Amino acid sequence: MNSKAAPDQTSPPLIAEPTSPTRQAWLMFRGNLSAMAGLVILLLILFVAILGPSLYPVSPTEMVWMPLTPPGASEYWLGTDYIGRDILAGLINGGRVTIAIGLAAASITFVIGVTIGALAGFYGGWVDNLLMRVTEFFQVLPNLLFAMIVVMLFSASLTNVAIAIGIVSWTATARLTRAEFMRIREMEYVKAERAIGARNRRLIWSVILPNAAPPLVVVSALSTGSAILFEAGLSFLGLSDPNAMSWGRMIGDNRPYILDSWWGVTFPGVAIFLTVLAICLVGDGLNDAFNPKLRQR
Amino acid sequence: MAFPGLLRAAIVRRACNVLLLLLAVLVLNFSLIHLAPGDPVEALVGEMGGATPELIAQLRVQYGLDQPFIVQLMVYLGNVVQGDLGVSTYYNRPVTALVLERIGPTLLLVTSSLFSAIVLGTLLGVFSAQRRRSPLSHLVTVLSLAGFSAPVFWLGIMLILMFSVAIPILPISGMSSGDSSQGIWLYCLDVGQHLVLPALTLALIYLAFYSRLSRTSMIDVLDADYVRTARAKGLSQRQVIYKHALRNAILPVVTFAGLQFGQVLSGAVLVETVFAWPGLGTLAYESILRRDAPTLLGILFFSAMIVIAMNVFTDIVYRLVDPRIKAR
């Protein structure tokens, strides 16, 4: 968010100054305790994921201590796994992979979903009919199974994992975009733009899309959370780059040893949980900030 | 306005739609294998440890891989219509038989967890919608956030840790203790005990979702005019809630139950893997490890069929719950 735009004083200004919608949303967001908590957790996690490996230079893939050392029993705080790898180093480095894939997959989801939803909602008629059939088709496919097959058939590189998650997750975004476009298409200002000769392309991308942005921002936040869970599921099943450490893979690797080491599976799961929870809280906060009327719920 | 002609037209349209969806799944299935690098013959040759170019060419002809794409696709579709989804490269058995063996346990797991999640979730949602600031209401909000954020396989592992280390009362793996000679009732009891943890894992995730969904939907409905009218004419709280409001509030729940079935099956893949539940999910996991593409595609096809059937079923339920759309 644009934290620079935040004013220092907390008392409301005496004269009602016109505030931009973005600023209003930020003020609303800032007053939302759980959303701010989510934002702080999220920023912390991002900080660790970006700078962590240089601040804590322990290899996540090499044996550093006795296998199955419990937390607190050595200089490796969170203990070691079944082949003596440092759990903390795994968390720090795995977070990078998990978050990067989550963001990449969510971007793919966004691009496909918004394009299909925008075209269907804007043109209506047979375009809408056709694109909604396609959407329905992707909704019927069990998404994890489909992604598993794509990743298996086309090799488990990180790029393929992100693409596979992206192509199975866009239907919700598409439906939402379509609904927004159908609504906004009928607005006065869109008709006015059309009357002064704006072409369809301009109407779609420069007139309607920016006005449909708030709900799309919220759904994108949530789909980043889903994509992280999805990546965790795939790498838990062993469908990820074998050279890249990730949270899901740590859980999958340590699963056979849970009776000897609860820490090997617990900490990576907590990391996934906290990350997705923080994203959810921010998403919910954005939703409230964009739709103040719904807040009473 | 239940007009027989209209209704029939709706059914016909629906049936065509279902067939088209199935056809699309099959075409996608086939294209995936076709597009993927490497083909069955290469895999076979790899397993044999190499072969002469003549043998490879002969195998290609034998498998029909020398034909153009469209011909191969037609042959594939023809086979599927006859119930032939190919042969598992690992088990060397027909995929259809393999999948049918595993479909029962998956359906048992998925339906029992989804059913309990929907019933419990709706009740939680209804109660919390009536008292929006009560602790229960906050619990629903927290639960739904936690349920969305927790990876389902991790939740299962945490439950295993809890029930195998702390309170070892429930079995944590498999579907039965393997002794089916004890009589049908004891066997059912045995399966039931094994079902508790996997079903609980899957149900918790969806309980979170449905409690929040029905809470929001119930709040919407409780503000509607007809609910106020029902109250005004002196109906008891119970009658207003269960006869007037719930019937409308439950519509989104029904819709999502159908829409989400594919995701529930996906969740089942992970849960089954964690609990070694012998369903489609473990079969899919094993097939991934063995790179058994025909079996995986067979599972995808059958799962898509289950989802489509579930969608048709929710459509029917929807019509029963909401008399307004009977003719649509």
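**Terms and the values behind them**

User: How many residues of chain A are in contact with chain B, and what makes a pair a contact?

Analyst: In this model, 33 residues of chain A are in contact with 39 residues of chain B, a contact being a pair of residues whose C-beta atoms, placed from the backbone, lie within 7 Å. The model is a predicted one, in which local features need pLDDT of at least 70 and side-chain atom pairs count only at pLDDT 80 or more, while totals for chains, interfaces and linings use all residues. Residues are numbered from 1 along each chain as its sequence is written, and chains are lettered from A and ligands numbered from 1 in the order in which they are written.

User: Which helices of chain A supply at least two residues each to the side that touches chain B, and of which classes are the residues on that side?

Analyst: The helices are α4 (125-140), α5 (143-153), α10 (213-236) and α12 (262-290) of chain A, each with at least two residues on that side. By class, the side has 27 nonpolar, four polar and two charged residues, where Ala, Val, Leu, Ile, Met, Phe, Trp, Tyr, Cys and Pro count as nonpolar, Asp, Glu, Lys and Arg as charged, and the others, Gly among them, as polar.

User: What is the pattern of chain A, and how many helices and strands are in it?

Analyst: Chain A has 12 helices and zero strands, and its pattern along the sequence is α-α-α-α-α-α-α-α-α-α-α-α. Helices (H or I, at least four residues) and strands (E, at least two) are DSSP runs, numbered from the N terminus.

User: Why is A244(A) called buried?

Analyst: A244(A) has 21 other C-beta atoms within 10 Å, and is therefore buried, since the term applies where 20 or more other C-beta atoms lie within 10 Å of a residue's own, whereas 12 or fewer make it exposed and counts in between make it partly exposed, with C-beta atoms placed from the backbone. A244(A) is found in the loop between α10 and α11 (247-254) of chain A, and its contacts, leaving aside neighbours within four places in sequence, are V97(A) and L158(A). A244(A) and V97(A) are 147 residues apart in sequence, yet 7.1 Å apart in space, C-alpha to C-alpha. Across chain A, buried residues make up 45% of the 297 residues.

User: Why does I103(B) count as partly exposed?

Analyst: I103(B) has 18 C-beta neighbours inside 10 Å, so I103(B) counts as partly exposed. I103(B) has its place in helix α5 (residues 95-130) of chain B, and touches L280(B) and F302(B), not counting residues up to four places away in sequence.

User: Why are α8(B) and α10(B) called oblique to each other?

Analyst: The axes of α8(B) and helix α10 (residues 237-249) of chain B come within 8 Å and cross at roughly 125 degrees, the axes being lines fitted to C-alpha atoms, for helices over the stretch in contact, and the angles running from 0 to 180 degrees between N-to-C directions. Angles under 35 degrees count as roughly parallel, over 145 as roughly antiparallel, 65 to 115 as roughly perpendicular and the rest as oblique, and α8(B) and α10(B) are therefore oblique. Their contact is made by S214(B), S217(B), M218(B), V221(B) and L222(B) of α8(B) and A245(B), N248(B) and A249(B) of α10(B). By class, that contact has five nonpolar, three polar and no charged residues.

User: What makes α12(B) roughly perpendicular to α13(B)?

Analyst: The axes of α12(B) and helix α13 (residues 280-289) of chain B come within 7 Å and cross at roughly 80 degrees, which makes α12(B) roughly perpendicular to α13(B). The contact is made by A268(B), V269(B), E272(B) and T273(B) of α12(B) and G281(B), T282(B), A284(B) and Y285(B) of α13(B). These residues divide into four nonpolar, three polar and one charged.

User: Which domains does the domain assignment of chain B give, and how many residues does each bring to their contact?

Analyst: The assignment gives domain 1 (2-81) and domain 2 (97-326), with bounds that come from an automatic or database domain assignment. The C-alpha centres of domain 1 and domain 2 of chain B lie 32 Å apart, and the contact takes nine residues from domain 1 and nine residues from domain 2.

Methods: Two residues are in contact if their C-beta atoms, placed from the backbone, lie within 7 Å.
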